Amino acid sequence: MSTKVSSRLWLLIAIGCTVAGTLDVLQMRLQGPASLGALVFQGAEWVLLGLLTPITYFLGRRFPLRRERLARSLAAHVAGALLLCLCWATLGVIIRRALRAWGPNEATFLADWSGWVLTSLPWSFFLYFAVLGCVHAFIYYVEARDREAQAERLNAQLAEARLNALRMQIQPHFLFNSLNAVLVLVRDQETRRAGTMLELLSDMLRQVLRSDQPHEITLDQEIGLIGQYLAIEQVRFSDRLQVRYDFPEELGGAIVPRFILQPLTENALRHGVARQMDAVVIEIGAKRSGDMLELWVRDNGPGPPAERGAGVGLENTRLRLATLYGERASVELVSAPEGGSIARIRMPYHTAGE
């Protein structure tokens, strides 16, 4: 147990003994006349109990009540209760005789002490095991809280590692496709378009490959990233690719996973633009439905392939959403009613201040 927690426990014990002693003194005073020594002794009894509490605390820590060693622990605590009784009786007799709380002491010290032991034995056992229960409850509470905090830290570290792994999975995939497109342009001796594409790619990679970037950004920032990606692809496909955006301005501050639209857009390019010679329109949109945010990427190509949802990009997206939002998020790829395909993401709506 940490020093901070131990200090808090001792503070609680001190407060408890002080309150109990004060109430005991008040009760004695209200019952009738009492000497100053008797009142001081009545309160001092609880102070003595507080000073002897470490016996219970240290034995409780040394011999926890666990099933595997219950008999040994109970024997140690019975001995601890007896020790508490003997110490309490000894100190109590010394202080009572010093204060002359009940007048002149006619009995011998041994007779006074033995009488105190017999009187306080049941009370000592009760107090010992009551305090032991409180100590165990406090210790278990602290341990449970520490385990919960540790579990949260481990979950956060696991989620961070998982997201980093997923991000590193996307980046080589995106880089390979882009460099392959540059290679095709160079082979076709379209050096101007290849140069433009390399400039766009360099600028985008400068942002994408930075390791200090957050996992979540605003929708405006995400649209900016995907706009750079599509600018690269428009160099590659020329006039065969048209891009439209459909989302209200007030959703610009919504928080979304960084680069979450890229796999969906890449999927639309691969199964839309690359599979036909006619011009293809890719629409990227967003809307809010209550506490949920919906993002979509729609194309008017030939539609999703038979093995829908089986690609690396969609599976990566699904895993990232599950890591960040659990079961509240989903991703699907379906045929659009007007033709083509639509990839749709649903996730909890939240902004930077929430």
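Which polar contact joins the side chains of Gln 228 and Asp 203? One of 2.6 Å. A polar contact here is a pair of N or O atoms within 3.5 Å; within protein, one must be able to donate a hydrogen and the other to accept it, and residues adjacent in sequence count only if both atoms are side-chain atoms.

Ground rules before I go on. This is a predicted model, so local features need pLDDT of at least 70 and side-chain atom pairs count only at pLDDT 80 or more, while totals for chains, interfaces and linings use all residues. Residues are numbered from 1 along each chain as its sequence is written, and side-chain values use heavy atoms, with hydrogens and water left out.

Back to Gln 228. Its place is in helix H6, residues 219–237. Helices (H or I, at least four residues) and strands (E, at least two) are DSSP runs, numbered from the N terminus. Gln 228 counts as buried because its relative accessibility is 19%. The cut-offs: buried is under 20% relative accessible area, exposed is over 50%, and partly exposed is in between, with a 1.4 Å probe and protein chains only. Leaving aside neighbours within four places in sequence, Gln 228 is in contact with Asp 203, Met 204 and Gln 207. Contact means heavy atoms within 4.5 Å. Leu 201 is 27 residues away along the chain from Gln 228, and their C-alpha atoms are separated by 8.3 Å.

Now the whole chain. It has 8 helices and 7 strands. Of its 354 residues, 42% count as buried. Take contacts between residues at least 6 apart in sequence: 74% of them join residues at least 24 apart. The accessible surface comes to about 19,400 Å², and carbon and sulfur atoms hold 59% of that. Those areas come from the Shrake-Rupley method with a 1.4 Å probe; for residues, only the protein chains shown count as cover.

Next, the sheet. Five strands make an open sheet, in the order E2-E4-E5-E7-E6, with mixed pairing. At the edges sit E2 (241–246) and E6 (330–335), each pairing on one side only. The twist averages 15° from one strand to the next. Two strands pair if DSSP finds at least two bridges between them.

Look at E5, residues 292–299. It is mostly covered, with 7 of its 8 residues buried. On one side, E4 and E5 pair antiparallel over 8 bridges. They form a hairpin with 2 residues between them, and Gly 290 in the turn has a positive phi of about 65°. E5 also runs antiparallel to E7 (residues 341–348), again with 8 bridges.

E6 and E7 pair antiparallel over 6 bridges. They too form a hairpin, this one with 5 residues between the strands; Gly 339 in the turn has a positive phi of about 105°.

Axes are lines fitted to C-alpha atoms, for helices over the stretch in contact, and angles run from 0 to 180 degrees between N-to-C directions.

After E7 comes the segment with His 350. His 350 counts as buried, because its relative accessibility is 18%. Its side chain reaches the backbone oxygen of Pro 348 at 3.4 Å. Not counting residues up to four places away in sequence, His 350 touches Glu 216, Ala 254, Ile 255 and Tyr 325.

Most residues other than glycine have a negative phi. Gln 189 has a positive one, near 60°. It sits in the loop between H4 (109–187) and H5 (191–208), and it is exposed at 69% relative accessible area. Phe 259 has a positive phi of about 65°. Its place is the loop between E3 (255–257) and H7 (262–271). Phe 259 is buried, at 6%.

Last, helix H3, residues 70–99. Its 30 residues reach 42 Å from first C-alpha to last, close to the 44 Å expected at 1.5 Å a residue. That expected span is 1.5 Å times one less than the number of residues. Buried residues in H3 include Ser 73, His 77, Trp 88 and Arg 96.
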